[in-house]
Amino acid sequence: MKPLPDTKDPIVLRTDFSDDQAWSRLCSLIASPIGRDGFLAYVSFVSDPDFAEVTAEKLAANRPEGYRHSFIVIADGTTFADPEQSLMVVDLLDEPGRTFRALPTRIQGIENNLSLGNMGFEDFAGDADARGVFRGFPGEREEDYEVNHNPPPRPVKKKPSPPQTLLGKALFSAYKLIRGKPGR
């Protein structure tokens, strides 16, 4: 088996190549902001035929040494046959090869919490239903997982613009002199 790629973000790995349009829709849904706060999944989508039909067990057993992510999400044949498109989430850390399935709009919360270490794999796996699908935690509502087409704006970090008035320029130059940085 080809080694998993080294990615900045956890991987959503396509292992079934029967429906390109379904894969595209699935990627769009996972990349969408979810809920009132517009949670995003920070994932890398990998669609490489070399991984066709790869199993969770094989991935867990052949994880490259030093692999930085504690889990992987798999879009397999079951994903594309299931009307809900449940994805397989595979533990690569505590119990490598342990799995549960999750609805596509739950991947945002799973990725955020597992990547940050806020929660463990067992927290999600333990709340999967009788079919092994994580649909959310008790007390959560379906609207908590709806695609948010108008998420709140994300703060944009801007470099402060230089002062435009004569007084502003003088104060800025004095500040830089005091801080030990010569002016322009």
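Is Glu95 buried, exposed or partly exposed? In this predicted model, Glu95 is partly exposed, because its relative accessible area is 45%. The legends below start from that residue.

**View 1. Glu95 in the loop between E4 and E5.**
The loop joining E4 and E5 holds Glu95. Its relative accessible area of 45% makes Glu95 partly exposed. Ala60 is 35 residues from Glu95 in sequence. In space, the C-alpha atoms of Glu95 and Ala60 are 9.2 Å apart.

**View 2. An aromatic cluster built from Phe100, Phe121, Phe124, Phe134 and Phe137.**
Six aromatic pairs turn up in a search of the whole structure. In one of them, Phe124 and Phe137, the ring centres are 5.3 Å apart and the planes meet at 45°, so this pair is tilted. The pair links distant parts of the chain, 13 residues apart. Phe124 belongs to helix H5 (residues 121-125). Phe137 sits in the loop between strand E6 (133-134) and helix H6 (166-178). Phe137 also pairs with Phe134, edge-to-face, at 4.9 Å centre to centre and 70° between the planes. Phe124 has 1% relative accessibility and therefore counts as buried. Phe134 is buried too, with a relative accessible area of 1%.

**View 3. Arg106 over the face of Tyr145.**
Here a ring meets a charged side chain. Arg106 is placed over the face of Tyr145, 3.8 Å from the ring centre.

**View 4. The largest nonpolar core, with 25 residues.**
Ile30, Leu87, Val89, Phe100, Ile107 and Ile110 have the most contacts inside this core. Two or more residues each come from helix H1 (20-31), strand E3 (71-75), E4, strand E5 (99-102), helix H4 (107-116) and H5. H1 gives the largest share, five residues. A second, separate core has 15 residues, among them Ile11, Tyr67, Ile74 and Leu92. In soluble globular proteins, nonpolar side chains tend to be buried together.

**View 5. Leu87 and its contacts.**
Neighbours within four places in sequence are left aside here. The contacts of Leu87 then include Val12, Leu26, Ile30, Val73, Ile74 and Ala75. Thr79, Phe100, Arg101, Ala102, Pro104 and Ile107 are also in contact with Leu87.

**View 6. Helix H4, mostly covered.**
Seven of the 10 residues of H4 are buried. They are Ile107, Gln108, Ile110, Glu111, Asn112, Asn113 and Leu114. These buried residues pack against H1, E3, E4, E5, H5 and E6. Just after the helix, Gly117 has a positive phi of about 80°.

**View 7. Strand E1 (residues 11-14), covered on both faces.**
Ile11 and Leu13 are buried on one side of E1. Val12 and Arg14 are buried on the other. E1 pairs with strand E2 (residues 44-47) in the parallel sense, over four bridges. Across the pairing, Ser44 in E2 stands opposite Ile11.

**View 8. Gln85 and Ser86, in the loop between H3 and E4.**
Gln85 is not a glycine, yet has a positive phi of about 55°. Most residues other than glycine have a negative phi. Gln85 counts as buried, at 15% relative accessibility. Ser86 counts as buried, at 1% relative accessibility. Its side chain makes a polar contact of 2.8 Å with the side chain of Asp82. Beyond neighbours within four places in sequence, Ser86 is in contact with Thr79, Arg101, Ala102 and Val133.

**View 9. Asp48 and Glu53, in the loop between E2 and H2.**
Asp48 lies in the loop between E2 and helix H2 (56-61). At 17% relative accessibility, below the 20% cut-off, Asp48 counts as buried. A polar atom of the Asp48 side chain lies 2.9 Å from the backbone nitrogen of Asp50. Residues up to four places away in sequence aside, Asp48 touches Lys2, Arg14 and Phe17. Glu53 sits in the loop between E2 and H2. Glu53 counts as exposed, at 58% relative accessibility. Glu53 has a positive phi of about 65° although it is not a glycine.

Technical notes. Residues are numbered from 1 along each chain as its sequence is written. Side-chain values use heavy atoms; hydrogens and water are left out. Rings of Phe, Tyr and Trp (its six-membered ring) pair if their centres lie within 6.5 Å; planes under 30 degrees apart count as stacked, over 60 as edge-to-face and the rest as tilted. Buried means under 20% relative accessible area, exposed over 50%, partly exposed in between (1.4 Å probe, protein chains only). A charge sits over a ring if NZ of Lys or CZ of Arg is within 6 Å of the ring centre and within 35 degrees of the ring normal. A polar contact is a pair of N or O atoms within 3.5 Å; within protein, one must be able to donate a hydrogen and the other to accept it, and residues adjacent in sequence count only if both atoms are side-chain atoms. Contact means heavy atoms within 4.5 Å. A nonpolar core is a set of buried Ala, Val, Leu, Ile, Met, Phe, Trp, Tyr and Cys residues joined through side-chain atoms within 4.5 Å. Two strands pair if DSSP finds at least two bridges between them.
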